[in-house]
Amino acid sequence: MARIVMKFGGTSMAGSERIRRVAGIVKRQQEAGHEVAVVVSAMSGETDRLVNFCREANALYDPAEYDVVVASGEQVTSGLLALTLQAIGCKARSWQGWQVPIKTDDAHAKARIEEIDADALIASMAAGEIAVIPGFQGVSPQGRVTTLGRGGSDTSAVAVAAAVKADRCDIYTDVDGVYTTDPRIVAKARKLPLVTYEEMLELASVGSKVLQTRSVSLAMKEKVRVQVLSSFIDETAPAADTIPGTLIVSDEELEGSDMERQLITGIAADKNEAKVTLTRVPDRPGAVASIFAPLAESNINVDMIIQNVAKDKGETDVTFTVPQSDLARAQAMLEERKDSIGYYRLIADGNVAKISVVGVGMRSHAGVASTMFKTLADRGINIIAISTSEIKVSVLIDTDETELAVRVLHTAYGLDAAA
């Protein structure tokens with residue numbers, strides 16, 4: 001018998017028929033003898049609808065009241081799933097974030113989980129009750145409802161799994177695992193049976209939409225085994241224990257799996273990138289800080305940064321990338337500070353994409369970057385910027401060349417599945 005936390009996303013909970021399908025999947029796990037808790041997202045599209053209501057009510061809305069509104073989507077699906085489970089003969093009850101309780105800080109709309117008091121939850125599961133918990137929400141030190149930011153239900157599920165000391169956290173999505181790249185771009189993409197936390201963290205941060213970055217980071221910190229599965233399976237399918245999804249594990253567990261380790265695990269693409277270049281920035285101490293400090297204060301994440309070698313005039317060009325959704329804000333902020341920064345011109349480009357190759361095998365193999373650069377050059381794809389980490393190489397290219405780049409790199413690194 002195992003203790004399992006199951007998480008179902010918005011597409012899995014979109015309507016009564018899909019909720020009944022989810023209830024059937026949950027019931028089979030309990031019938032297999034496992035203790036089960038379920039974390040659910042709001043129905044697909046519901047959170048966006050609620051956010052729009054907030055904006056219509058008050059463009060400068062209070063984040064605390066915003067949380068009250070948007071957290072209601074998960075409250076509805078948790079209650080509906082509990083009712084559906086009861087209808088098919090299961091003992092089930094819903095637990096709101098404040099009832100568990102899932103304690104967070106007071107940063108409304110982007111709260112972070114600080115502690116989960118799971119004693120009552122564990123007792124309920126041990127008594128054979130299926131606990132249904134709304135994802136994305138918690139309670140502040142002041143007793144107010146908080147939300148964890150978009151995609152926060154994955155984080156909720158991993159945090160609950162850590163708190164109840166679950167044997168595994170199953171994340172059910174509209175895909176059946178983690179692939180070497182997006183199967184919609186490369187038909188020969190392969191599903192990966194095992195991926196390390198570090199690899200999944202890099203893939204999530206550079207464009208893979210399978211898991212939220214914070215959830216992977218938390219799973220790595222708390223050593224929670226996470227499995228990615230599809231909720232769109234036939235009702236007669238076996239329980240998740242025997243369905244081949246993708247298991248996210250530690251390096252140590254992967255090394256003990258007797259699997260041949262590939263150099264590159266996957267290729268990710270992210271079109272939500274925008275490039276900003278500031279020309280003729282004074283080459284003096286503090287000049288770069290005057291650019292990036294105000295961006296950080298406004299929670300605008302900066303990714304790739306390139307500073308050219310200073311010219312004879314004591315000036316340099318600085319190029320960096322920000323999320324495309326933050327480009328307008330970043331431009332406005334930098335233009336307001338043009339005199340204090342001292343740059344000559346701001347050039348923005350939203351027609352860029354980031355392509356990344358990821359794999360822990362890079363640590364012990366040379367030539368990964370050169371293979372990437374040569375492959376792109378052979379197809380006439382120009383590299384605008386480059387960034388690297390221990391297990392990742394990312395390049396910035398024109399958006400129009402994204403799919404071609406992914407396909408040729410997938411083949412170059414030997415990731416294509418056999419025909």
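**Salt bridges**

Lys354 sits in strand E16 (residues 345-358) and Asp303 in the loop between helix H10 (287-297) and strand E14 (305-307), so the pair ties together parts that are 51 residues apart in sequence. I note that Lys354 is buried, at a relative accessible area of 4%, whereas Asp303 is partly exposed, at 32%. Shared partners join Glu273, Asp303 and Lys354 into one network of salt bridges. I keep in mind that the model is predicted.

I then turned to Glu35 and Arg3, whose side chains meet in a salt bridge (2.9 Å, N to O). Glu35 belongs to strand E2 (residues 35-40) and Arg3 to strand E1 (residues 3-8), so this pair ties together parts 32 residues apart in sequence. Both Glu35 and Arg3 are buried. The structure holds 18 salt bridges.

**Helix H6**

I checked helix H6 (residues 152-163), which has twelve residues and reaches 16 Å from its first C-alpha to its last, close to the 16 Å expected. Eleven of its twelve residues are buried, among them Asp154 and Val158. Lys165, with a positive phi near 55°, follows H6.

**Cavity**

I found one cavity of 30 Å³ or more, and the largest cavity has a volume of about 40 Å³. Its lining includes Val158, Ser215 and Ile248, and divides into seven nonpolar residues, one polar and no charged. Helix H8 (residues 213-222) gives the most to this lining, with three residues.

Note on methods:
Residues are numbered from 1 along each chain as its sequence is written. This is a predicted model: local features need pLDDT of at least 70, side-chain atom pairs count only at pLDDT 80 or more; totals for chains, interfaces and linings use all residues. Side-chain values use heavy atoms; hydrogens and water are left out. On a 1 Å grid over the protein atoms alone, a cavity is a set of points where a 1.4 Å probe fits but cannot get out, and a pocket is an open set with protein on both sides within 12 Å along at least five of seven lines; lining residues have an atom within 4 Å of a point. Grid points are joined across faces, edges and corners, and a volume is the space filled by probe spheres set on the points. Helices (H or I, at least four residues) and strands (E, at least two) are DSSP runs, numbered from the N terminus. Ala, Val, Leu, Ile, Met, Phe, Trp, Tyr, Cys and Pro count as nonpolar, Asp, Glu, Lys and Arg as charged, and the others, Gly among them, as polar. The expected span of a helix is 1.5 Å times one less than its number of residues. Buried means under 20% relative accessible area, exposed over 50%, partly exposed in between (1.4 Å probe, protein chains only). A salt bridge is a side-chain nitrogen of Lys or Arg within 4 Å of a carboxyl oxygen of Asp or Glu.
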